[in-house]
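Here are my notes on the model you sent over.

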Amino acid sequence: MRSSVARGSAYTNAYRPSVRPAAAPPSFVLTDEQDAALGAFTQGEGMVLEALAGTGKTSTLKVLANSTTRSGLYLVYNKAGAVEAEGAFPSTTACSTVHSLAYRSTVTPKIRLRLNTPRQTSGDIAKILGIRSSLQIGPKRVLAAAQLARLAIETVSMFAHSADRAILGKHVPEQVGVTPGQEQANLEAAVLPFARAAWKDLLSKTGSLKFDHDHYVKLWQLSEPVLKTDYVLVDECQDSNPVVVDVINRQRDVQVVAVGDSRQQLYGWRGSVDALDAFGASSRLYLTQSFRFGPSIAAEANKWLAIMGDDIEVRGTPSIKSRVAPLEAPSAVLCRTNAGVIQHVMAGQRGGQKVAIVGGGQDVKRLAGAAKQLKDSGKTWHPDLCMFTSWSSVQDYVEEDFGGQDLKTLVNLVDTYGAGSIIRAVDAAVPEQSAAIVVSTVHKAKGREWPKVLIADDFSEPRTDEFGVREDVASEDAMTAYVAVTRAQHVLDVGGLSWVDAHLAATK
């Protein structure tokens, strides 16, 4: 978005108070960084506010909202965050998710009915779309009709997350086991007609496909809505949906504050983008003082910021006596993969512990169930395994192809304990409030914190070539590691990320 106020220009009356408006005083002393953000906001500047891990982002936004009598909109990532914010922000600031805004303006009684219809299986969708035969993608890659239907719907979802106005080949999700080039081209050519037919069905008043919440957000974006507000605080901008970016960029005379941390972008795989720089802000400010942990954990986080090429560092609070040390009894274990979650859940339960899985573990259970289905029938619907025609082909893949490393722990666990044992372990997990230990993927741990955190051992160390040169750490892996280590408050066991020191030394 083009900010309505550029640095150095004449401010409009709506954005130019002669003095700062009367504000509800904060219950804490502002840091210099927070005060600078307040000053920029009250001058009406469109700005980027980069808030590193644990730096009091929400508290700072409340100070901004309380500093003005103008009408505002605080866009939060999920419903729970919106509900929590409603009780903390002033009445002049509406707190909402994008889905809530879209629902109120777009969802008709007919769409509501289709939202509430029973879940449709991939087989049901295949019948609706007229998919009757399987598809040969490559020598050992076959898509059954139901799998092709599932992929068509996933393509619609990727389109719904984008700012595009038509479904394109780039919206077809990459599949495990499908190689770039001709196999991917074959896949796109097969999926696109069915994906476009699915979207046409969803737009039709007489369509049969079940409506999804992302579908009405897409309709809202395509309608080019006008937000009736003076300013917008856009939270979690590093994982913004391109739909959100498009809607906000179409607004005029609205001050935009883009808030987030580019180092915590974890959802690029599902179409999210780092939108901190997408709104034409006239200033960029930082919150670097963390109130979550002390200097020792901050130093560990800064190693990953250095790997990302960052020239900014997070500062720990000296009065918080954090330490980096081995843990025998962590509060939480953070894993990179769902397979890692399975491994630690089963280990904890074998030791007699009550174990909780953040998010309930249904992703893990579905993956184990898909492994069992593939072993029993030679096919499965799960996107991580659907391209394989036998369990042995999965075993070969994880041994021969470096791209299969994410599945290797799962394969080893299934081969060692059996898929049924894994499913029973997930079913035996307890609620977090009853648990002795919490296990989570880093993605699900985002926004969370625990007193004592152990990093699991499923974080891959970069390979070294025959000349002794180490590969670079992929940016998404560095971001994941940064998020992982910054979940700890008091004690951090770096565990599976302990190789970072050797990597930094080898790459100097």
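1. A definition before the rings: rings of Phe, Tyr and Trp (its six-membered ring) pair if their centres lie within 6.5 Å, with planes under 30 degrees apart counted as stacked, over 60 as edge-to-face and the rest as tilted. By that rule, the structure holds five aromatic pairs. Bear in mind that this is a predicted model, where local features need pLDDT of at least 70 and side-chain atom pairs count only at pLDDT 80 or more, while totals for chains, interfaces and linings use all residues. Residues are numbered from 1 along each chain as its sequence is written, and side-chain values use heavy atoms, with hydrogens and water left out.

2. The overall picture. The protein has 19 helices and 14 strands; helices (H or I, at least four residues) and strands (E, at least two) are DSSP runs, numbered from the N terminus. Of its 508 residues, 50% count as buried, where buried means under 20% relative accessible area, exposed over 50% and partly exposed in between (1.4 Å probe, protein chains only). Contact means heavy atoms within 4.5 Å. Among contacts between residues at least 6 apart in sequence, 73% join residues at least 24 apart.

3. Phenylalanine 41 belongs to helix H1 (residues 32-42) and tyrosine 231 to strand S6 (residues 231-234), so the pair ties together parts 190 residues apart in sequence. Phenylalanine 41 is buried at 0% relative accessibility, and tyrosine 231 is buried with a relative accessible area of 0%.

4. Another pair joins two helices. Phenylalanine 159 and tryptophan 199 are edge-to-face, at 5.2 Å centre to centre and 80° between the planes. Phenylalanine 159 comes from helix H7 (residues 145-161) and tryptophan 199 from helix H8 (residues 182-203), so parts 40 residues apart in sequence are tied together. Phenylalanine 159 is buried at 1%, and tryptophan 199 counts as buried at 10% relative accessibility.

5. Which residues lie over the faces of phenylalanine 41 and phenylalanine 159? Arginine 70 is over phenylalanine 41, at 5.4 Å from the ring centre, and lysine 218 is over phenylalanine 159, at 4.5 Å from the ring centre. The rule here is that NZ of Lys or CZ of Arg is within 6 Å of the ring centre and within 35 degrees of the ring normal.

6. Valine 217 is worth a click. Valine 217 is found in helix H9 (residues 213-222) and counts as buried at 5% relative accessibility. Leaving aside residues up to four places away in sequence, valine 217 touches Val98, His99, Ala102 and Val243. The C-alpha atoms of valine 217 and histidine 99 are separated by 6.1 Å, although the two are 118 residues apart along the chain.

7. Now the sheet. Six strands form an open sheet in the order S9-S14-S13-S10-S12-S11, with parallel pairing; two strands pair if DSSP finds at least two bridges between them. The edge strands, S9 (323-324) and S11 (355-357), each pair on one side only.

8. Strand S10 (residues 332-335) is covered on both faces: Ala332 and Leu334 on one side and Val333 and Cys335 on the other are all buried. S10 runs parallel to strand S12 (residues 437-441), joined by four bridges, with valine 333 opposite valine 439. S10 also pairs in the parallel sense with strand S13 (residues 450-455) over three bridges, and leucine 334 has isoleucine 455 as its bridge partner there. Four bridges in turn join S13 to strand S14 (residues 488-493), where valine 453 stands opposite leucine 492.

9. Last, helix packing. The axes of helix H12 (residues 338-350) and helix H16 (residues 419-427) come within 10 Å and cross at roughly 75°. That makes H12 roughly perpendicular to H16. The contact is made by Ile342, Val345, Met346 and Gln349 of H12 with Ser421, Ile422 and Ala425 of H16. Axes are lines fitted to C-alpha atoms, for helices over the stretch in contact, and angles run from 0 to 180 degrees between N-to-C directions; under 35 degrees counts as roughly parallel, over 145 as roughly antiparallel, 65 to 115 as roughly perpendicular and the rest as oblique. H12 also lies across S10, S11 and S12, running at about 165° to S12.
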